[in-house]
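Hello,

Here is the structure I promised to pass on to you. Have a look at it first, and then read on for what was found.

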Amino acid sequence: MPGIGVPELLVILVIALIVLGPKKLPEAGRAMGKGMREFKDSLNGDHPDDEKPAIKSE
């Protein structure tokens, strides 16, 4: 299976621009990047928002 090259990326970008419009495209990119980052962090277990369970000694 060949990789995605520059022409394919340009086609995807043009389609996204047509579907989302120029105002929503950066917002969609940020949301996608944030989602990918959270997914990667959850796989590594390095997410800063994770709360460690408190160990209570009674």
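To start with, in which helix is the place of L13? L13 sits in helix α1, where helices are DSSP runs of H or I with at least four residues, strands are E runs of at least two, and both are numbered from the N terminus. Please keep in mind that this is a predicted model, where local features need pLDDT of at least 70, side-chain atom pairs count only at pLDDT 80 or more, and totals for chains, interfaces and linings use all residues. Residues are numbered from 1 along each chain as its sequence is written, and side-chain values use heavy atoms, leaving out hydrogens and water.

The protein chain has 2 helices and 0 strands. Helix α1 covers residues 6–20. Just after α1 comes G21, with a positive phi of about 90°.

Helix α2 takes in residues 25–44, and its 20 residues reach 29 Å from first C-alpha to last, close to the expected 28 Å. G45 follows α2 and also has a positive phi, near 75°.

Back to L13: its relative accessibility is 46%, so L13 counts as partly exposed (buried is under 20% relative accessible area, exposed over 50%, partly exposed in between, with a 1.4 Å probe and protein chains only). L13 and L25 are 12 residues apart in sequence, and their C-alpha atoms are 9.4 Å apart in space. L20, also in α1, counts as partly exposed because its relative accessibility is 39%. Of the 58 residues in the protein chain, 5% are buried.

Best wishes

Notes:
Expected span 1.5 Å × (residues − 1).
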